[in-house]
Amino acid sequence: MMRCLAILLSMWMAMALPAAAQTVARDDDAKNGPWLAGAYSFSDELGGFTIRSVSGLGTKKDPIFIVQELNSASPVTMIIRATRTIKPFAFAGDIANGVIHLRIRTLNASQLPWLEFEFELQEILRKPSVYGDGLSFDQRRTDSSVIVSDRFKQYDDRFEPYDRLIYYDGYVDPLDFAEFSFMITDFTPQPEFYLLQDPRIPAS
């Protein structure tokens, strides 16, 4: 099972990454250290999933493209850190400006199908972001067209009393892949915040 998974993942990685993908850096001195792209770093250090690659700037034309593997159907949390000076509303991709476009491609490495997939933003670890903190999935609705998935036909964005984005009306089988695109806005930019990812499985 694990050998087949490794072979499948290596073949998929070769096809998933664009030929002209931006070179990424990683802090190899730290276990599960951060991946660097654009003005941000992305870390799987809290466990439960593995980031395989990161590329892009974070703009709409060049979103940050994260390839990852979820090892179970339990919630996992990605740490996102600003790596350059925060200056609100500056050029996206050059410095952390409060707007970041993400494209996340996820391998379902669990043994269960996913019927929904939820993302939740947190400024404080394990505490959902609230409407008034400025961190959201574009709560001002400046460009809702960027919220898409290749496996789920619909989504529900909830800004009260927390910031959650739920994809539904679809499924992801074990050893299959799902892709999600969305925009995060933070109009009071923070040097560090968290992205909770929660695959939903069938009720027993």
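Are phenylalanine 117 and phenylalanine 119 buried or exposed?

1. Basis of the note. This is a predicted model, in which local features need pLDDT of at least 70 and side-chain atom pairs count only at pLDDT 80 or more, while totals for chains, interfaces and linings use all residues. Residues are numbered from 1 along each chain as its sequence is written, and side-chain values use heavy atoms, with hydrogens and water left out.

2. Burial. Both phenylalanine 117 and phenylalanine 119 are buried (under 20% relative accessible area, with exposed over 50% and partly exposed in between, for a 1.4 Å probe and protein chains only). Phenylalanine 119 has 0% relative accessibility and therefore counts as buried. Phenylalanine 182 counts as buried because its relative accessibility is 1%.

3. Aromatic pairs. The structure holds nine aromatic pairs (rings of Phe, Tyr and Trp, the last by its six-membered ring, with centres within 6.5 Å; planes under 30 degrees apart are stacked, over 60 edge-to-face and the rest tilted). One of them joins phenylalanine 117 to phenylalanine 119 in a tilted arrangement, at 5.0 Å centre to centre and 45 degrees between the planes. The rings of phenylalanine 119 and phenylalanine 182 lie 4.9 Å apart by their centres with planes at 50 degrees, so this pair is tilted.

4. Aromatic cluster. One cluster is formed by Trp114, Phe117, Phe119, Phe137, Phe152, Tyr167, Phe180 and Phe182.

5. Charges over rings. The charged end of arginine 103 sits over the ring of phenylalanine 65, 4.0 Å from its centre (CZ of Arg or NZ of Lys within 6 Å of the ring centre and within 35 degrees of the ring normal). Arginine 164 lies over the face of tyrosine 162, 3.8 Å from the ring centre.

6. Cavity. A search of the whole structure finds one cavity of 30 Å³ or more (on a 1 Å grid over the protein atoms alone, a set of points where a 1.4 Å probe fits but cannot get out; lining residues have an atom within 4 Å of a point). The largest cavity is lined by 13 residues, of which Tyr40, Gly98, Asp186, Pro189 and Phe193 lie nearest its centre. Two or more lining residues come from each of β7 (99-108) and β13 (177-186), and β13 gives the most, with three.

Notes
1 Å grid on protein atoms, 1.4 Å probe; cavity = no way out; pocket = protein on both sides within 12 Å on 5 of 7 lines; lining within 4 Å. Points joined across faces, edges and corners; volume = space filled by probe spheres on them. Helix = DSSP H or I, 4+ residues; strand = E, 2+ residues; numbered from the N terminus.
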